[in-house]
Number of protein chains: 2
Amino acid sequence: VPTVPPEPFEPPIAAVSPDPAIVDLLGALAYGELSAFDRLSADARLAPAMDGRVVLSRQAVLEFGHYQALAERLTELGVDPHAAMAPFVAALDEFHALTSPSNWLECLVKAYVGDGLAADFYREVAEFVDPATRELILRALADTGGSGAFAVREVRAAIAENPVWRGRLALWGRRLVGEALSQTQHVLAERDSLVGLLMSGTGDVASVHALTTRITDQHSIRMADLGLE
Amino acid sequence: VPTVPPEPFEPPIAAVSPDPAIVDLLGALAYGELSAFDRLSADARLAPAMDGRVVLSRQAVLEFGHYQALAERLTELGVDPHAAMAPFVAALDEFHALTSPSNWLECLVKAYVGDGLAADFYREVAEFVDPATRELILRALADTGGSGAFAVREVRAAIAENPVWRGRLALWGRRLVGEALSQTQHVLAERDSLVGLLMSGTGDVASVHALTTRITDQHSIRMADLGLE
């Protein structure tokens, strides 16, 4: 199927060319949000009842709003959002392909844990960037849509009813964080700009290690919220 | 994270119980929007490039916004939105199952033609209802997100490049309107309230026929926009 390049991208005239690391960061976050929209809207179809379907769909819609804000920021910087996202499509698609939920409880754990991991990562990197970009990132974090409380309630109820879920979902949660870290490493191996941002932001390798530890600690707290640790 | 009991539905105290026909109408429209969100977000994945994926995803997000407005209105009327939608789930799911696009151009034609049919139907029935409901319905129609222009451009370009698409997609468009009318008839056969609304709104059978003719005429105009008639 042929496509026309509609609306050719016309960058506004930027006073200075943007920092490649910021472009990479915004591109990675933007495709993260767009693919989260895509996966959450698909996962919503596994809901056993209308309330769960609506909750996950609403989370998908919020993620799309974050994508739009990030894409607008890239455009303001004179960068085509699609070009900025392109280097990160493979890694994020691979993450989602490797963590495709096979049932509704896996969907809920992924929505809760995945959203939480992304939010923690955002908060950490927001410290390394210019104030305008930071404000954009933190604003995107502010609206959560209440799906977290729903996931906690449903997962805890499922475990209470059938304790076998505890072990299964705990394993699933570990797989999610493992694949997320693995794909992050693949991305960093190819994007020197992001490694530079991380190193200059944290200061040294020990600080990068500390950042990773903070993120995995927060992950453990979320798993405990769900009754999984 | 502490868990909260699931927010059981608590209807506000309504001065008068709502008209069952209005509840049915809002319920049908609400599930129409929720299922449109669901299908458009799935169809977006067939896009050959990022721009088309974003356009269809954005349309899905707008449909979800309409769903939310309709669900809020039902809640204001003291009605559980999920209960109001329930009678219409089977017919709308059946419509989408019978019109699942097998390629990107079919997705675009369905998004354009389906959205247009729904909008025309909304405009017609908005004439039969109370001013508050009418305003809500017409407001939902106001934001279209620009996916129409995208569909027109892409479908016309595809036909220009390979004229065989014209016949194929014209057939597809006829199938879409046929299945939409067929499922509408199934719904009306089971919902006397909606037949009553339609009859009292239009006045007589001849006027119902005229309404159907106006909607199919508009459909023909849209097919011509796409270069398909």
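At 27% relative accessibility, Glu154(A) counts as partly exposed. The cut-offs are these: buried is under 20% relative accessible area, exposed is over 50%, and partly exposed is in between, with a 1.4 Å probe and protein chains only.

Before going on, the ground rules. This is a predicted model, where local features need pLDDT of at least 70, side-chain atom pairs count only at pLDDT 80 or more, and totals for chains, interfaces and linings use all residues. Residues are numbered from 1 along each chain as its sequence is written, chains are lettered from A and ligands numbered from 1 in the order in which they are written, and side-chain values use heavy atoms, with hydrogens and water left out.

Back to Glu154(A). Its place is helix 6 of chain A, residues 147-161. Helices here are DSSP runs of H or I with at least four residues, strands are runs of E with at least two, and both are numbered from the N terminus. What does Glu154(A) touch, leaving aside neighbours within four places in sequence? Trp104(A), Leu105(A) and Leu108(A). Contact means heavy atoms within 4.5 Å. Phe95(A) is 59 residues from Glu154(A) in sequence, and their C-alpha atoms are 24 Å apart.

Now the whole of chain A. How many helices and strands are there in chain A? Nine helices, zero strands. Along the sequence, the pattern reads α-α-α-α-α-α-α-α-α.

Next, dimensions. Along the principal axes, the C-alpha atoms of chain A fill a box of roughly 60 × 50 × 30 Å.

Burial and contacts. Of the 229 residues in chain A, 48% count as buried. Take the contacts in chain A with a separation of 6 or more: 81% of them join residues 24 or more positions apart.

Then the surface. The accessible surface of chain A comes to about 10400 Å². Carbon and sulfur atoms hold 58% of that. The areas come from the Shrake-Rupley method with a 1.4 Å probe, and for residues only the protein chains shown count as cover.

Charges next. Chain A carries 18 positive and 31 negative side chains. The centres of the two sets lie 8 Å apart. Lys and Arg count as positive, Asp and Glu as negative; His and the chain ends are not counted. Each charge is placed at NZ of Lys, CZ of Arg, CG of Asp or CD of Glu.

Let's look at helix 2 of chain A. Gln59(A) lies in this helix, residues 50-76. Is Gln59(A) buried or exposed? Buried, with a relative accessible area of 4%. Beyond four places in sequence, Gln59(A) contacts Leu40(A), Ala111(A), Asp115(A) and Ser147(A). Ala44(A) is 15 residues from Gln59(A) along the chain, with 9.6 Å between their C-alpha atoms.

Arg58(A) is in helix 2 as well. Arg58(A) is partly exposed, at 26% relative accessibility. Its C-alpha is 8.1 Å from that of Ser147(A), 89 residues away in sequence.

Over to chain B. Thr202(B) is in helix 9, residues 192-202. Not counting residues up to four places away, Thr202(B) touches Phe128(B), Ser207(B), Val208(B) and Leu211(B). Pro87(B) is 115 residues from Thr202(B) in sequence and 24 Å away, C-alpha to C-alpha.

Last, the pairing. A 180° rotation with 0.0 Å of shift along its axis superposes chain A on chain B, RMSD 0.0 Å. That is the relation of a two-fold axis. In chain A, the C-alpha nearest the axis belongs to Val61(A), 2.8 Å from it. Superposition is by least squares on C-alpha atoms of residues with pLDDT of at least 70 in both copies. Of the interface residues of chain A, 82% are also interface residues in chain B, so the copies meet through the same surface.
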